[in-house]
Amino acid sequence: HNEALLPQSHYTVDIALGPLFRHMRRLPAAHGALGAQGVVVEVNGDCHYLPDGRLRPEARLKYAHMRAAGWEVVELPYWEWPSGAGEQGAYLAEKLQMQGARPRACAS
């Protein structure tokens, strides 16, 4: 399992889409819900949740710290993750779009 170390923090994340992602998508710095630093995607397995299905306190605190540092956090709960590769790409695109990151073609 490869993770990225978030700049200027001690947090590791599953996927970090920084300013380059914003530039490639032609998004202004203050685009909707997107954080100024970029987008963090966290794939949450069952260990991230309490028995009643709520996110564990340490995960909520981590996400709060990342949001305060200017990152938008996209959570992908394990029970929502599709099994097919094509469905996974569509699911991720939908989650990013829900955060205001509309996929667009890059300029050549």
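This is a predicted model: local features need pLDDT of at least 70, side-chain atom pairs count only at pLDDT 80 or more; totals for chains, interfaces and linings use all residues.

Modeller: The chain has three helices and five strands, in the sequence pattern β-β-β-α-β-α-β-α.

Colleague: What makes Tyr78 and Trp79 an edge-to-face pair?

Modeller: Their ring centres are 5.3 Å apart, and rings pair if the centres lie within 6.5 Å. The planes stand at 80°, and an angle over 60 degrees counts as edge-to-face. The pair is therefore edge-to-face. The structure holds four aromatic pairs, and Tyr49, Tyr78 and Trp79 make up one aromatic cluster.

Colleague: Why is Tyr78 called partly exposed?

Modeller: The relative accessible area of Tyr78 is 44%. Buried requires under 20% and exposed over 50%, so a value in between is called partly exposed.

Colleague: How do you know that β3 and β5 are edge strands?

Modeller: The sheet is open, with three strands in the order β3-β4-β5. β3 (15-17) and β5 each have a single partner strand, so one side of each lacks a neighbour in the sheet. On average, neighbouring strands here are turned by 20° against each other, direction ignored.

Colleague: What makes β3 and β4 a pair, and in which sense do they run?

Modeller: Two strands pair if there are at least two bridges between them. β3 and β4 (residues 38-44) have three bridges, in the antiparallel sense. Ile15 stands opposite Val41 in β4.

Colleague: And what joins β4 to β5, and in which direction do they run?

Modeller: Seven bridges join β4 to β5, and the two run parallel. Glu42, for example, has Glu75 of β5 as its bridge partner. The pairing in the sheet is accordingly described as mixed.

Colleague: What packs on this sheet?

Modeller: α2 packs on the sheet through β4 and β5, with its direction at about 150° to that of β5. Helix α3 (residues 85-98) also packs on the sheet, touching β3, β4 and β5, and its direction makes about 140° with that of β5.

Colleague: Why is β5 described as mostly covered?

Modeller: Six of the seven residues of β5 are buried, and buried means under 20% relative accessible area. Over the chain of 108 residues, buried residues make up 33%.

Colleague: Which residues does Met66 touch?

Modeller: Leaving out residues up to four places away in sequence, Met66 touches Leu6, Tyr11, Val13, Val40, Trp71 and Val73. Touching means heavy atoms within 4.5 Å.

Colleague: How many of the contacts in the chain link residues 24 or more positions apart?

Modeller: Such residues account for 57% of the contacts with a separation of 6 or more.

Note on methods:
Residues are numbered from 1 along each chain as its sequence is written. Side-chain values use heavy atoms; hydrogens and water are left out. Rings of Phe, Tyr and Trp (its six-membered ring) pair if their centres lie within 6.5 Å; planes under 30 degrees apart count as stacked, over 60 as edge-to-face and the rest as tilted. Buried means under 20% relative accessible area, exposed over 50%, partly exposed in between (1.4 Å probe, protein chains only). Helices (H or I, at least four residues) and strands (E, at least two) are DSSP runs, numbered from the N terminus. Axes are lines fitted to C-alpha atoms, for helices over the stretch in contact, and angles run from 0 to 180 degrees between N-to-C directions.
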